[in-house]
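Colleague: Hi! I'm new to this one, could you walk me through a few spots?
Modeller: Happy to, let's bring it up.

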Amino acid sequence: MKEVYRRIEALADEGSIHYIEKNQSAVVVTSAKIAEKPVVLAAFDPAKKGGALGYFEGASLVRAIHLAGEGGAPLVLLSQSAGADMVGGQLSLSGAGSVFRALKALDTPRLYLSYGPSIGAAAYMAGLCDVVLAVEGASAFCLTGPKIVARAIYEETNLAAMGGAKAVAERGGIHLLSDSEEGMAEDCRSLMAFLRQKQATSASGGEAPATGDMAGIIRAIVDEGSAIYLWPQWAQNATALLGRIGGMRVGIFANNPKVAAGVLDKEAALKAAAFYNLCRRFRLPVISLADTPGFLPGTASEGEGVLRAGSAMIEAYFNHDEKKITVAVGNVLGGAYMAMGCREMGASAYFALNEAKIGVMGADLAAEILHLDKENLASYRAMHLSAAAAQKNGLIDEILTADELRYKLREVLA
């Protein structure tokens with residue numbers, strides 16, 4: 001069986017495939033179901049001109065995009081492409097531009113599955129999709145191929161060095177990285193199952209977490225088996241996932257205090273911004289779980305652009321117009337109070353666990369700056385850092401135990 005058809009049939013539900021365009025260009029267009037979710041698939045055929053994107057391939061892709069929009073179905077792109085069709089010349093550029101515009105306008109979910117190298121226009125298409133899935137050791141994303149690089153700037157290199165999947169995943173360019181095509185197909189099926197509106201309601205999450213265990217808190221609040229972790233290789237001081245709480249779909253962004261104390265550096269802030277934007281696209285409520293000392297200070301961090309990234313994070317939070325709930329799990333210091341979401345910035349609800357500390361700065365730093373003795377330091381903690389003080393001052397709605405959190409979240413989401 002031809003590779004492109006094998007990939008389509010391995011991905012789609014058995015008996016659901018209806019070919020719309022076949023053998024007309026280097027792009028095959030089909031309607032199908034994946035995990036019982038109706039979709040439109042557009043697949044590059046690497047056996048035809050290396051899957052190069054010319055005028056007719058562009059027309060096929062635009063047709064697939066329009067069909068997805070008209071049917072209210074997700075678009076799934078299966079990519080392995082040598083880039084622009086050199087023989088097509090200027091018309092290839094026209095075709096690529098038309099695809100970009102149609103992708104940007106599509107209101108339904110856009111998934112991009114990378115089966116091999118995606119060069120030029122095909123690589124840019126990944127950036128215009130909502131979720132990018134790839135295969136380590138096979139996928140690559142590059143502006144152009146190694147031969148052109150060698151001629152243009154006299155650099156000898158290869159696809160893996162320029163845009164191999166592992167490196168791209170660490171930079172945030174891949175949401176879900178698998179070790180095989182079969183694993184990538186399974187990840188795609190999990191996403192499609194998540195996108196289905198109807199889902200059996202789960203009565204419980206995981207076991208109650210230990211104090212300060214962010215991963216345990218996540219397991220405790222989401223329905224068992226529903227979590228899909230995005231960008232796990234990128235900015236590991238922050239965690240982003242899709243899941244369900246009592247059968248209701250949510251996005252969860254959390255600081256990871258086990259890596260760099262969960263500090264919000266440039267990459268973590270960009271990850272948050274990308275996640276809030278994705279949840280807006282998918283019309284998902286967002287739960288922010290905060291345990292961070294705040295944004296990373298210092299000359300190096302400022303030079304890297306932490307302020308601009310933090311602004312992007314805040315802007316994305318403002319732009320997200322579904323329900324937003326914030327939970328102070330541990331430290332919520334300085335600008336993290338705003339950046340992780342609060343009532344003043346549009347959060348629907350703000351809760352805190354008993355051990356949360358919400359304030360301008362930590363107690364030790366405050367003691368040094370304000371010259372506090374032991375007795376005054378205890379007063380500072382009670383008056384300016386405790387969850388009880390934050391509730392008294394109107395910053396939080398309710399103080400909860402970890403056991404109560406899942407049920408309170410279900411109540412607000414319903």
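Colleague: Which residues does Thr108 touch, not counting those up to four places away in sequence?
Modeller: Thr108 touches Ala68, Gly72, Ala73, Pro74, Leu75, Asp130 and Arg281, where contact means heavy atoms within 4.5 Å. This is a predicted model, where local features need pLDDT of at least 70, side-chain atom pairs count only at pLDDT 80 or more, and totals for chains, interfaces and linings use all residues. Residues are numbered from 1 along each chain as its sequence is written, and side-chain values use heavy atoms, with hydrogens and water left out.

Colleague: Where is the place of Thr108?
Modeller: In the loop between helix H3 (90-105) and strand E5 (110-119). Helices (H or I, at least four residues) and strands (E, at least two) are DSSP runs, numbered from the N terminus.

Colleague: And is Thr108 buried or exposed?
Modeller: Buried, at a relative accessible area of 10%. Buried means under 20%, exposed over 50%, and partly exposed in between, with a 1.4 Å probe and protein chains only. A polar atom of the Thr108 side chain also lies 2.8 Å from the backbone oxygen of Ala73.

How values were computed
Polar contact = N/O pair within 3.5 Å; in protein donor to acceptor, adjacent residues only side chain to side chain.
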